[in-house]
Amino acid sequence: MEEDKQVLLIFIQADSGVDGASLLDGGSVKRGMFGAMKDAAMSNIIRRAQFAIPPLSLMILSSRNVQGVSQSICDLRFDKLPLHRHWDLAGISVQTGAVKPAFDLARFLRTKGIKVLLGGPYVTVFPERCREHGDALVIGEADDIWETVQRDLLAGQLKPEYRVETFPDLGIDRPVSKSALDISSYFTTNVVQTTRGCPYNCDFCNVHVMNGHRLRHRSIGSVLKEVESFLKEDKRIFFFLDDTVNADELYAEKLFTELIPFNISWVGQATTSLGEKPKLLEAFSRSGCGALLIGIESLADQSNHAHQKFHNPASRQAACIGNIREAGICVYGSFIYGLDGDTLDMPAMLEEFIEETGIDVPGINLLRPIPGTVVFDRLAAEGRLLRNPDDHDAFRFSWAQEMLYSPKIIPLERFIPSYTAMTKRVFTVSNALKRAMKAPRLGSAVLMFNLLYVHMYGIARKDLGRQLDGLA
Ligand code: B12
Ligand code: SF4
């Protein structure tokens, strides 16, 4: 009898970013033995614990079964490449900030005689740059076309390119299975996406480029079924991976009201406007919402507007955050310092805002121009990128560790010290303890995140310090 075709789906470990803050120079900066050991241990913990949720993309693909094909997932954050086995095809998920490790891996696998197929956000946005690195490309959301790919593989007729012409209809039931995952590797494996697409246009983001502007929902029945089936294998917390879980308020209210009897706890991402919708907030809280990441970005309208973000007016931010926290939901406030429109007054404003609103976990990011976003092209056209715009690897993921562009108003050599001085004051052990004690829920998780950030922003300051020295 003929053996099944073996497909290996690979998620890449990024060198830095949330996958594990380590110095960008790979540690060649001199540190004491204790410092080096502490950094290595913390990087390891971050890699293994902090954001260790499985890649939903690969769970979706491995759930599309075609008879005669067996699929396995290799998550390089935990797993070694299983090269002792035979593989007919390796599918790599390529994220925009981890292009080099993905292409290096593709080259290596091809030297071993394994066919490589590339898919994911970077391939969708820059297919031409990927073509030479794979035997085949999948451009776009692969939910349905993946079965065609598998059938072609079976027939020995893999095509060089599969292009998804129209966004998949998420209303069709496509059950997601965890059978290709090692459940014990992760913090939780309960990752669910209810909706794709984003009606907004923030110029630093490319979700609307990859997934379109129209919100596409799954049916509420199908989400409920998935939650029920996921709970049978893993009772831990749920992550709703939607970019804005309150984007369609009617849908969200119905969904989370129906989720109340499931007695789960969950986290997600939302906009500040949730704080002005008491019924929706109640549904979130009663269905077990423990924390929400809220993209506040700037406290100044002129800065948010300069980046096409209009749905978060500064005058309403504090009250909205107060209401969300009062409903018993922790707020991870995500800010960006260095937006066009920001001045040197912003750090003091941010610190005061974080203090006054009691934000449980602050994240103060540097703007990262990601290739394929509108801001990237604009900064390139204005001559403000500090690296060659053609070298996408220079724009790899990192954790607030380097400036990749010149801010519009603040000179770079004043911007960097103003940022590092702020993170030094905001991310301290005593602030971490204070925030954990005041958190409406999940106090120990709030403590863990804040402590990790004490470490990660410390690493970022070392890298930025080196960049600043280089400017002098
Ligand atoms: C959950 C999440 C995370 C999680 C898990 C990572 C992950 N990629 O699964 C964590 C917290 C670890 C994370 C980390 C980061 N993330 Co993130 N993350 C997300 C989020 C919110 C959901 C991802 C998801 O599951 N989507 C649902 C799945 C179904 O969609 P998908 O991944 O695009 O997959 C579809 C297609 O792309 C394609 N596909 C994907 N892979 C493959 C592989 C093959 C072989 C094939 C055929 C097809 C295919 O088919 C899939 C099904 O349709 C997205 C936003 C978004 N809307 O996607 C951001 C997003 C992916 N993250 C982003 C960023 C910037 C980061 C970080 C760099 C943050 C940082 N500064 O450190 C790190 C990078 C770490 C890494 N190694 O990738 C950006 C990526 C930009 C880009 N163009 O690449 C996004 C798009 C958010 C944004 N606003 O721009 N992230
Ligand atoms: S940052 Fe969030 S709200 Fe803005 S376009 Fe991206 S997904 Fe939409």
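# A guided tour of a two-domain model

In this predicted model, the domain assignment of the protein chain gives domain 1 as residues 5-163 and domain 2 as residues 188-471.

Visitor: How many residues of domain 2 are in contact with domain 1?
Guide: Let's begin with the spacing: the C-alpha centres of the two domains lie 25 Å apart. On the domain 1 side, 26 residues take part in the contact. Their counterparts in domain 2 number 28.

Visitor: Which helix gives the most to the side of domain 1 that touches domain 2?
Guide: Helix 1 (33-50), helix 3 (99-111) and helix 4 (121-125) each supply at least two residues of that side. By class, this side of domain 1 has 16 nonpolar, seven polar and three charged residues. With four residues, the top contributor is helix 1.

Visitor: Which residue of strand 6 stands opposite isoleucine 139?
Guide: Strand 5 (residues 136-139) pairs with strand 6 in the parallel sense over three bridges. Along this pairing, leucine 137 stands opposite glutamate 161. For isoleucine 139, the residue opposite is arginine 163.

Visitor: What is the bridge partner of leucine 117 in strand 5?
Guide: Here we look at strand 4 (residues 115-119), which runs parallel to strand 5 and is joined to it by two bridges. The partner of leucine 117 in strand 5 is alanine 136.

Visitor: Are the residues on the two faces of strand 5 buried or exposed?
Guide: In a regular strand the side chains alternate between the two faces of the sheet. In strand 5, Ala136 and Val138 lie on one side, with Leu137 and Ile139 on the other. Both faces are covered, and all four of these residues are buried.

Visitor: Why does leucine 56 count as partly exposed?
Guide: Leucine 56 is found in helix 2 (residues 56-62), and its contacts beyond four places in sequence are Val191, Gln193 and Leu241. Leucine 56 is partly exposed because its count within 10 Å is 15.

Visitor: Why is one side of strand 7 left without a neighbour in the sheet?
Guide: The sheet in question is open, with six strands in the order 7-10-11-12-13-14 and parallel pairing. Strand 7 (190-192) stands at an edge, as does strand 14 (361-366). One side of strand 7 is left without a neighbour because strand 7 has a single partner strand.

Visitor: What angle does the direction of helix 13 make with that of strand 13?
Guide: Helix 13 (residues 346-357) packs on this sheet. Its contacts there are with strand 13 (330-337) and strand 14. The angle between the directions of helix 13 and strand 13 is about 180 degrees.

Visitor: How many charged residues does the shell around ligand 2 have?
Guide: Ligand 2 is surrounded by residues including Cys198, Cys202, Cys205, His208 and Asp243. By class, the shell has five nonpolar and four polar residues. The number of charged residues is one.

Key. Residues are numbered from 1 along each chain as its sequence is written. Chains are lettered from A and ligands numbered from 1 in the order in which they are written. This is a predicted model: local features need pLDDT of at least 70, side-chain atom pairs count only at pLDDT 80 or more; totals for chains, interfaces and linings use all residues. Two strands pair if DSSP finds at least two bridges between them. A residue is near a molecule or strand if its C-beta atom, placed from the backbone, lies within 6 Å of it. Ala, Val, Leu, Ile, Met, Phe, Trp, Tyr, Cys and Pro count as nonpolar, Asp, Glu, Lys and Arg as charged, and the others, Gly among them, as polar. Domain bounds come from an automatic or database domain assignment. Two residues are in contact if their C-beta atoms, placed from the backbone, lie within 7 Å. A residue is buried if 20 or more other C-beta atoms lie within 10 Å of its own, exposed if 12 or fewer, and partly exposed in between; C-beta atoms are placed from the backbone. Axes are lines fitted to C-alpha atoms, for helices over the stretch in contact, and angles run from 0 to 180 degrees between N-to-C directions.
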